[in-house]
Structure formats: C-alpha cells, structure tokens
Amino acid sequence: MRDAPASTLVSVRIVYLARLREAFGCGGETLHLATDDTPTVDSIVETLVRRGGAWADELAPGRAVRFAVNQKLAPRTQAVANGDEVAVFPPVTGG
Amino acid sequence: MTVRVQTGDFDVGAEIARLRSRDRSVGAVAAFIGTVRDVNDAAAITGMTLEHYPGMTEAALEDIVADARRRFDVADVVVIHRVGPLVPGDQIVLVGVTSAHRGMAFDACEFVMDMLKTRAPFWKKERTPEGERWVEARSSDDEAARRW
C-alpha cells in the first residue's frame, strides 16, 4: 500500500501596506499553506482571493499589485519558504 | 554614501556641504529636491502622509545608490526621504551627487530619482477638501525608469 503524498505546512508572515492595508482592514497576518508542492507568491494570492470580498477585488487579475519576499521585490513566481515575510502592496508613489 | 528615512526636515545646505567636504577631487555637485505641491490631478492638496516599509525601504535605497555607483563615476551620494505628515511647500526628498564633472553628477542624480520613484517602497496619501486619497502610480515614472 502506498503512502498518501506528504502535505507539508508552510507558515509565512504576510504584511499589507498602504491602500491594501486599509482595504483589507489589517496590517498583516500569519498564513499557513498546506501544500504538496513548493508554494509561491501566486499560491498566497490564490489563497487570499478565495476569501472573496475586498481580497478578490484588490487581487483580481489585471490589478496592479507588487510583492516583496523577505523585503526584496519579487515576481509572483517566486518560491516562499517557512518563516518568510511576504509583503503585498500597491505600486510605489514616493519621491 | 548616506541613506536616511526620517520624519523631520533636512537642511539642504548642510547636507551638500557635508557631501562635498569629503573629497577635494569633486568638481560638480548635482542635487534634486522634491517638494509637496498644493495641487494634484485638478484637486487642491492640503497635505499628505507618506508611508514606508521599514527595513525594505532603507535597503532599496541603498541598493539604488550602489547601482548608481557601479554605473556612474561619482564620488559620493546622499539620499534623504521623509515620511509621516507633510504640508504643501515641505521638502520630501533630497538626492545629492558629487563627481569630478557635471555630466556624471546630473546622470547619477536623475538615475537615483527614477529608480526611487519605481522601486523604493513609499506611498503617498493626499488630503484634499473632499477627503483623503491614495496617490496612483504614474506610467510616466515607469517609462522614465526604463530608459536606464
């Protein structure tokens, strides 16, 4: 008899900034991703979009959203590991 | 190299003097100072609040300056960016660059600003008589950054 695939639990700290912090009504949270594959920034987005409401609206395809993993700008395809800090924010407007 | 993110104002004269004092081979100083306007997108602006991502913002600015020093023959660079509440007329950002000659100083100063505008995590929220609104990113800033 074969064992079922081992699903690992990856915990990441999510940080919401600027307009997205206000839209989601929180500055951050810890997200636990149960996954058979290596999770990516996109896996996090999919998890959040499934909540519906502001999450689905703000993170819908075509919306301008930027990401950082461990405080470095990151593409949606970037892998995330247990303990990583993933920031989700609108395009920057400093200067 | 000096990179600072602070709530308080900065003294441009003192910062430039400090930058120049370190190197007598400097023959050119270029500086950009960004300030708060009282109008934007056809609305009166009574003030703004600048937010950042502590840690990443400083690291992003240091990366941009390091990139500028690889690309341009510059002597030194200072970047100071304010956060928190500001009113029209306030200084927001200073980029100062020293070099032997003006060409490199102008280019490096513009490069740092173009990269800061598109890669450094800062966000502006404007106050208008109708209420508060987050400033939208401009595609012209992305185009400016792509030139380099």
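**Note on chain B: strand β8 and its neighbours**

1. V78(B) has G96(B) as its bridge partner in β8(B). The strands here are DSSP runs of E with at least two residues, helices are runs of H or I with at least four residues, and both are numbered from the N terminus. The model is predicted, so local features need pLDDT of at least 70 and side-chain atom pairs count only at pLDDT 80 or more, while totals for chains, interfaces and linings use all residues. Residues are numbered from 1 along each chain as its sequence is written, chains are lettered from A and ligands numbered from 1 in the order in which they are written, and side-chain values use heavy atoms, with hydrogens and water left out.

2. β8(B) pairs with strand β6 (residues 74-82) of chain B over seven bridges, in the antiparallel sense. Two strands count as paired if DSSP finds at least two bridges between them. Strand β2 (residues 28-35) of chain B is also antiparallel to β8(B), with eight bridges joining them. Within that pairing, I33(B) has L94(B) as its bridge partner in β8(B).

3. Is strand β8 of chain B enclosed or open? Nine of the nine residues of β8 (residues 91-99) are buried, so the strand is largely enclosed by the rest of the structure. Buried means under 20% relative accessible area, exposed over 50%, and partly exposed in between, with a 1.4 Å probe and protein chains only.

4. Chain B has four helices and 10 strands. Along the sequence the pattern is β-α-β-β-β-β-α-β-β-β-α-β-β-α. Of its 148 residues, 49% count as buried. Among contacts in chain B with a separation of 6 or more, 77% are between residues 24 or more positions apart; a contact is heavy atoms within 4.5 Å.

5. The C-alpha atoms fill a box of roughly 50 × 30 × 30 Å along the principal axes.

6. D41(B), not a glycine, has a positive phi of about 50 degrees. A42(B), also not a glycine, has a positive phi of about 65 degrees. Most residues other than glycine have a negative phi. D41(B) sits in the loop between β3 (39-40) and β4 (43-44) of chain B, and A42(B) lies in the loop between β3 and β4. D41(B) is exposed, at 58% relative accessible area. A42(B) is exposed, at 84%.
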